[in-house]
Amino acid sequence: EWPLRPGKQQHFYSTGDKRKMTAAPGGADGKEKKKESCWFCLKSPNVEKHLVISVGASMYLALAKGALSNDHVMIVPTNHIKCQQFLEPNQQEDVEKFKRALRTLNRTNKKSTTVFFERSLSTSHMQIQAVPVARYSVNDIKDVFYTFADKYNLEVQEIPVGEDWKEMVPPGSDYFIAEFENQDKLVFLCSQKVRFPLQFGREVLASEELLNMPRRVSWKECKISKEQEEHDVKQYRKSFTEFDPFKVDDSDSDSD
């Protein structure tokens, strides 16, 4: 059984609810046409490569488009994969390598805790958002997620570190997951009974209780020029290099 948060209402789903979850269209790889036009496939002509910070074996790190802040980044598969449910073990490990590096970077340089979140609903290519949040404990941040879950009447389960959250999500169902500094997770199931807010993760983090930037909930309201994006990527890459798990040792290739 999942532990109840003291003083908080916990929403559970039953076995019967699992059969009502919305199936995720497109499967693991989606359609060839979607791959070709995808904004996030690294080989796609539509990908904005100037946002890329680091490239790993199966994942890359990029500045988020319309970011909440200039240190809001994303972990993205190089190939067309809908969500974490479809990752192979080696691909999931590449995700975890980036997560560990980002936690260390934000603790060390920004004195912040890192919140990761992913939404499989209404997306065909996995994006794990990573946002540093200063001054707040994990429980403080969780409390805000619970407050917004109650606001929208969302189903949520808390997954302690060490438990496999993927076993809690019925195959093919859409979900939202938030992960915290201590690797505890909150999993929200996107059922047909309640419309899940697509900007939920941004809305929680941008709230007055946390980053206090409510006008930045929509990424479209946060777009900046390509020149500013290039500048932000360059600055972020400088700070990330020493923590980059996929950093290439170019000590022998300095002939340029």
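How many helices and how many strands are there in the protein chain? The chain has six helices and eight strands. This is a predicted model. Of its 256 residues, 51% count as buried. A search of the whole structure gives twelve salt bridges and two cavities of 30 Å³ or more.

**Overall layout**

- Starting at the N terminus, the order of elements is α-α-β-β-β-α-β-β-α-β-β-β-α-α.
- Take the contacts between residues at least 6 apart in sequence: 66% of them join residues at least 24 apart.

**The β1–β2 hairpin**

- Strands β1 and β2 form a hairpin, with three residues between them.
- The two strands run antiparallel and are joined by three bridges.
- Ser54 stands opposite Leu61, which belongs to β2.
- In a regular strand, side chains alternate between the two faces of the sheet.

**Salt bridges around Lys65**

- Side chains of opposite charge can pair when their charged atoms come close.
- Lys65 forms a salt bridge with Glu48, and the closest N and O atoms are 3.0 Å apart.
- This pair links distant parts of the chain, 17 residues apart. Lys65 sits in the loop between β2 (59-63) and β3 (73-77). Glu48 sits in the loop between α2 (32-37) and β1 (52-55).
- Lys65 also forms a salt bridge with Glu229, where the closest N and O atoms are 3.0 Å apart.
- Glu229 lies in helix α6 (residues 226-240) and Lys65 in the loop between β2 and β3, so this pair ties together parts that are 164 residues apart in sequence.

**Other salt bridges**

- Glu203 forms a salt bridge with Lys151, with the closest N and O atoms 3.1 Å apart.
- Glu203 lies in helix α5 (residues 200-206) and Lys151 in helix α4 (residues 138-152), so the pair ties together parts that are 52 residues apart in sequence.
- Glu203 counts as buried at 15% relative accessibility, whereas Lys151 is exposed at 54%.
- Glu96, Lys99, Arg103 and Glu179 form one network, joined by salt bridges that share partners.

**Largest cavity**

- The largest cavity has a volume of about 40 Å³.
- Its lining consists of Gln84, Lys99, Phe116, Phe117, Glu118, Ile128, Ile177 and Glu179.
- The elements that give two or more residues to this lining are β4 (112-119) and β7 (175-179).
- Strand β4 supplies the largest share, three residues.
- By class, the lining has four nonpolar, one polar and three charged residues.

**Second largest cavity**

- The second largest cavity has a volume of about 30 Å³.
- Asn153, Leu154, Glu155, Leu189, Cys190, Ser191, Val194 and Phe196 line this cavity.
- Its lining holds five nonpolar, two polar and one charged residues.

- Lys111 has a positive phi, near 50°, and is a residue other than glycine.
- Lys111 is found in the loop between α3 (89-109) and β4.
- Lys111 counts as exposed, because its relative accessibility is 65% and the class begins over 50%.
- Arg135 is not a glycine either, yet its phi is positive, at about 75°.
- Arg135 lies in the loop between β5 (128-134) and α4.
- At 73% relative accessibility, Arg135 also counts as exposed.

Note on methods: Residues are numbered from 1 along each chain as its sequence is written. This is a predicted model: local features need pLDDT of at least 70, side-chain atom pairs count only at pLDDT 80 or more; totals for chains, interfaces and linings use all residues. Side-chain values use heavy atoms; hydrogens and water are left out. On a 1 Å grid over the protein atoms alone, a cavity is a set of points where a 1.4 Å probe fits but cannot get out, and a pocket is an open set with protein on both sides within 12 Å along at least five of seven lines; lining residues have an atom within 4 Å of a point. Grid points are joined across faces, edges and corners, and a volume is the space filled by probe spheres set on the points. Helices (H or I, at least four residues) and strands (E, at least two) are DSSP runs, numbered from the N terminus. Ala, Val, Leu, Ile, Met, Phe, Trp, Tyr, Cys and Pro count as nonpolar, Asp, Glu, Lys and Arg as charged, and the others, Gly among them, as polar. A salt bridge is a side-chain nitrogen of Lys or Arg within 4 Å of a carboxyl oxygen of Asp or Glu. Buried means under 20% relative accessible area, exposed over 50%, partly exposed in between (1.4 Å probe, protein chains only). Two strands pair if DSSP finds at least two bridges between them. Contact means heavy atoms within 4.5 Å.
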